[in-house]
Amino acid sequence: MLFSSIPFLYYFLPCVLLLYFLAPKKLKNAVLLLSSLVFYAWGEPIYVLLMISSVVSGYILGLLIEKFRAKPLGSVFLIASVVISLGLLGYFKYADFFIANFNAVFGLSVPLLRIALPIGISFYTFQLLSYTIDVYRGTVAAQRNFITLAAYIALFPQLIAGPIVRYADVAAQLTSRTHSFDKIALGIRRFVLGLAKKILIANALGELCDIFRASGDKSVLFYWLYAVAFTLHIYFDFSGYSDMAIGLGKIFGFDFMENFRFPYISASITEFWRRWHISLGSWFRDYVYIPLGGNRVGKAKWLRNIFIVWLLTGFWHGAAWNFIVWGLLFALLLVVEKLWLQRPLQKTKVLKHIYVLLFIILSFVIFNATDMRQALSDLGAMFGTGSIPFYSAEWSYYLRSYAVILGLAVLGATPLPQKLLAAVRRRKAGETLLNIAEPIVLAVLLLVMTAYLVDGSFNPFLYFRF
């Protein structure tokens with residue numbers, strides 16, 4: 001079930017809210033758990049059993065890890081947790097990738113398993129791992145209430161696309177959280193604005209990307225238009241979903257971490273990854289990079305640590321070589337920055353932003369390709385290789401047709417709109433005006449987006465692929 005769908009907005013969510021706020025405090029987590037299982041089962045009911053099995057495993061192993069943490073057996077139970085969680089993820093997400101490459105290397109024809117990827121498995125696996133690892137480290141206590149732990153793992157607001165919520169960050173909120181009209185209002189605003197980013201901007205840019213792929217009149221400029229459109233599309237698609245998740249979390253009394261902070265204004269690749277998919281980057285930092293030694297080791301091991309983390313980051317996004325290359329490209333860029341470019345970048349005002357945006361755009365061309373052959377073909381075409389023309393009539397037509405959406409997307413990817421609203425709010429008259437206008441604007445936005453959804457407009461969700 002998508003957040004950006006009529007069934008979710010007008011059937012599922014109102015019923016859940018009604019049940020949740022009518023339920024006594026001690027039953028609220030049970031309502032969230034049952035609602036989350038229904039939400040997950042909507043698209044693939046069989047995989048609810050997989051999720052429940054993962055939760056049962058994490059629950060039992062968490063208790064055992066805590067009990068035997070000071071003994072060697074504690075490490076055994078932690079390893080068991082990691083093996084089970086990553087084993088399930090590896091089987092469902094990566095089995096066919098390894099079989100296909102095994103066949104290619106040895107000239108065999110082992111049949112592929114063709115297993116459907118359980119939605120959200122990459123996210124809830126990492127959440128479960130953060131729980132058992134933190135129990136082993138002693139930073140959190142094992143959860144003795146199964147429903148509470150299951151509600152954390154299955155929590156539908158961030159189940160299928162993050163942010164990756166660590167147990168340590170919401171442990172207190174799972175047992176005692178506050179609800180207020182102000183927090184609910186803030187959550188509604190965040191949810192509606194995220195929905196608008198998804199439906200009104202990301203979907204339109206996704207349409208443009210599909211038009212490009214189907215076009216028989218491609219040109220160098222059309223390839224660049226596609227690359228820019230996809231770079232904006234993935235940001236508004238994913239950050240819009242994160243905004244909706246954070247907004248829903250606030251409605252239910254949770255405070256989830258921010259997942260995006262205007263990454264396209266970054267002045268370096270290092271800064272970009274402090275602003276993009278923050279929950280994933282911090283997860284790999286705390287559970288992979290630092291345990292490997294981080295940067296407090298010799299240069300060779302430090303470089304090894306960076307490449308391991310980014311190899312895993314790319315592979316986490318998908319079982320294909322273009323994702324691995326995408327991750328390793330960032331590893332290379334980060335190493336080059338840290339060793340040679342850090343000072344020169346600090347001395348420039350404009351060139352550093354151009355450099356970041358250029359490599360981000362090129363990286364997302366690799367990211368969105370079906371395989372490395374298409375990725376190399378797309379990159380080559382962007383720089384005029386082969387017989388592809390520089391200009392085409394279709395490029396000109398679609399640039400004009402999508403100019404407003406592209407302009408709004410570029411503007412919305414910067415903090416400028418927020419700064420303008422903050423400046424208006426600082427004035428007493430402006431604050432009064434915004435307080436009156438905000439609910440009206442949000443209601444109109446919701447009506448417009450409902451019309452789009454009723455009309456059956458283009459409405460995919462990119463991160464279902466991962």
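Where is the place of Asn 145? I found Asn 145 in the loop between helix H5 (121–137) and helix H6 (146–154). Helices here are DSSP runs (H or I, at least four residues), strands are runs of E of at least two, and both are numbered from the N terminus.

**Basis of the entries.** I worked on a predicted model, in which local features need pLDDT of at least 70, side-chain atom pairs count only at pLDDT 80 or more, and totals for chains, interfaces and linings use all residues. Residues are numbered from 1 along each chain as its sequence is written, and side-chain values use heavy atoms, with hydrogens and water left out.

Entry 1: The terms are set as follows: buried is under 20% relative accessible area, exposed is over 50%, and partly exposed is in between (1.4 Å probe, protein chains only). From Asn 145 to Gly 412 I noted 267 residues in sequence and 43 Å in space, C-alpha to C-alpha.

Glu 394 belongs to helix H16 (residues 393–401). Its relative accessible area is 25%, and Glu 394 is therefore partly exposed. Glu 394 and Phe 222 are 172 residues apart in sequence, yet 7.6 Å apart in space, C-alpha to C-alpha.

**Entry 2: the surface patch.** I recorded a nonpolar patch on the surface, formed by Ile 46, Leu 49, Ile 52, Val 56 and Ile 60, with about 440 Å² of accessible area together. Patch residues have over 30% relative accessible area and no salt bridge; like charges are joined within 9 Å, and nonpolar side chains (Val, Leu, Ile, Met, Phe, Trp, Tyr) within 5 Å. A salt bridge is a side-chain nitrogen of Lys or Arg within 4 Å of a carboxyl oxygen of Asp or Glu. The accessible areas come from the Shrake-Rupley method with a 1.4 Å probe, and for residues only the protein chains shown count as cover. Leu 49 lies in helix H3 (residues 47–67) and is exposed, because its relative accessible area is 54%.

**Entry 3: the pockets.** A pocket is an open set of points on a 1 Å grid over the protein atoms alone, where a 1.4 Å probe fits, with protein on both sides within 12 Å along at least five of seven lines; lining residues have an atom within 4 Å of a point. Grid points are joined across faces, edges and corners, and a volume is the space filled by probe spheres set on the points.

The largest pocket holds about 1,400 Å³ of space. I noted 33 lining residues, of which Leu 193, Lys 197, Pro 417, Gln 418 and Leu 421 lie nearest its centre. H8 gives the largest share of this lining, eight residues.

The second largest pocket holds about 550 Å³. Of its 18 lining residues, Trp 273, Arg 274, Gly 281, Arg 285 and Trp 310 lie nearest the centre. H11 gives the most to this lining, with seven residues.

Entry 4: Most residues other than glycine have a negative phi. Which phi did I find for Phe 262? The value is near 45°, positive in a residue other than glycine. Phe 262 sits in the loop between H9 and H10 and is buried, because its relative accessible area is 17%.

His 277 also is not a glycine and has a positive phi of about 40°. This residue is in the loop between H10 and H11. His 277 is buried, with a relative accessible area of 0%.
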